[in-house]
Amino acid sequence: KGPWVAAFDADGTLWDTDMGELFFDYQIKNCGLNLPADPWSHYHELKKVDHRKAYLWLAQINKDRSLQQVRAWAEEAYLAEDPQPIFEFQKNLISFLLENGFLVYIVTASVKWAVEPAARRLGLAEEQVLGVKTAVKDDLISLEQDGPITWREGKAEALLAATKGVRPLFCAGNTTGDTALLES
């Protein structure tokens, strides 16, 4: 008996949007961050070189902002999305898993803080979101990578670290980027 673990990719699996990019767009328009002249082009150029560096950069742009502020922005960005993009069948599945004793995780290549608002709507706590993040020191976001970059193999690595090696009984994903997670 337990602990049973279930893990879900986020974008395209749980909802019909890219939460990390939705949050990035919100930040560009609303948060007064120190960004390059064309933030989207900068992000896409980083992705051409190394997806991991691009995803980490989306967390690093929050340097010297409080974690509380970044989470508040993420909540505002989520609420601005209308209709809210969560797939109802996935919400029902997660409810079923939670009711039956599963520990459920979302494992995303997006910035962790960008995904937390949607996770809460699924009945999950912030700790159940495994995503790209930087270290928080004295409640301020730093540039320092914190944990694996949760892209491709990093998804399985982060999940197994969070579960202390307990492999999931159930996984869901929607792209080849989720293969390592599904194989875990």
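User: Buried means under 20% relative accessible area, exposed over 50% and partly exposed in between (1.4 Å probe, protein chains only). Which of these does R52 count as?

Analyst: R52 counts as partly exposed, at 38% relative accessibility. A word on the source: this is a predicted model, where local features need pLDDT of at least 70 and side-chain atom pairs count only at pLDDT 80 or more, while totals for chains, interfaces and linings use all residues. Residues are numbered from 1 along each chain as its sequence is written, and side-chain values use heavy atoms, with hydrogens and water left out.

User: Thanks! What does R52 meet in a salt bridge?

Analyst: R52 pairs with D50, side chain to side chain, at 3.5 Å from N to O. A salt bridge here is a side-chain nitrogen of Lys or Arg within 4 Å of a carboxyl oxygen of Asp or Glu. D50 itself is buried, with a relative accessible area of 17%.

User: What else does D50 reach at the start of α3?

Analyst: A side-chain oxygen of D50 comes within 2.9 Å of the backbone nitrogen of R52, at the start of α3. Helices (H or I, at least four residues) and strands (E, at least two) are DSSP runs numbered from the N terminus.

User: And which residues are buried in α3?

Analyst: A54, Y55, L56, W57, L58 and A59 are buried there.

User: How do α2 and α3 cross?

Analyst: Helix α2 (residues 39-49) and helix α3 (residues 51-60) have axes that come within 5 Å and cross at roughly 145°. The axes are lines fitted to C-alpha atoms, for helices over the stretch in contact, and angles run from 0 to 180 degrees between N-to-C directions.

User: Which residues meet there, in α2 and in α3?

Analyst: From α2 come P39, H42, Y43, L46, K47 and V49, and from α3 come H51, K53, A54, Y55, W57 and L58. By class, this contact has eight nonpolar, two polar and two charged residues. Ala, Val, Leu, Ile, Met, Phe, Trp, Tyr, Cys and Pro count as nonpolar, Asp, Glu, Lys and Arg as charged, and the others, Gly among them, as polar.

User: Switching topic: in what order do the strands form the sheet?

Analyst: The order is β3-β2-β1-β6, four strands in an open sheet with parallel pairing. At the edges stand β3 (129-132) and β6 (170-172), each with a single partner strand, so one side of each has no neighbour in the sheet. From one strand to the next, the twist averages 15°. Two strands pair if DSSP finds at least two bridges between them.

User: How many bridges do β1 and β2 pair over?

Analyst: Five bridges, in the parallel sense, join β1 (residues 4-8) and β2 (residues 102-111). Opposite A7 stands Y105 in β2.

User: What does α7 touch on the sheet?

Analyst: Helix α7 (residues 153-162) touches β1, β2 and β3, and its direction makes about 140° with that of β2. Contact means heavy atoms within 4.5 Å. K155 is found in α7.

User: Is K155 buried or exposed?

Analyst: K155 is buried, with a relative accessible area of 4%. Leaving aside neighbours within four places in sequence, K155 contacts D9, V107, T108, A109, T150, G177, D178 and L181. With D178, the side chain of K155 makes a polar contact, side chain to side chain, of 2.6 Å. That term covers a pair of N or O atoms within 3.5 Å; within protein, one must be able to donate a hydrogen and the other to accept it, and residues adjacent in sequence count only if both atoms are side-chain atoms.

User: Back to salt bridges. How many are in the whole structure?

Analyst: The whole structure has 15 salt bridges. One of them joins the side chains of E126 and R71 at 3.3 Å, N to O. E126 lies in the loop between α6 (112-121) and β3, and R71 in helix α4 (residues 67-80), so this pair ties together parts 55 residues apart in sequence.

User: And what does D146 form a salt bridge with?

Analyst: With K133, where the closest N and O atoms are 3.1 Å apart. D146 is in the loop between β5 (140-145) and α7, and K133 in the loop between β3 and β4 (134-137), 13 residues apart. D146 is partly exposed at 31% relative accessible area, and K133 is partly exposed at 26%.
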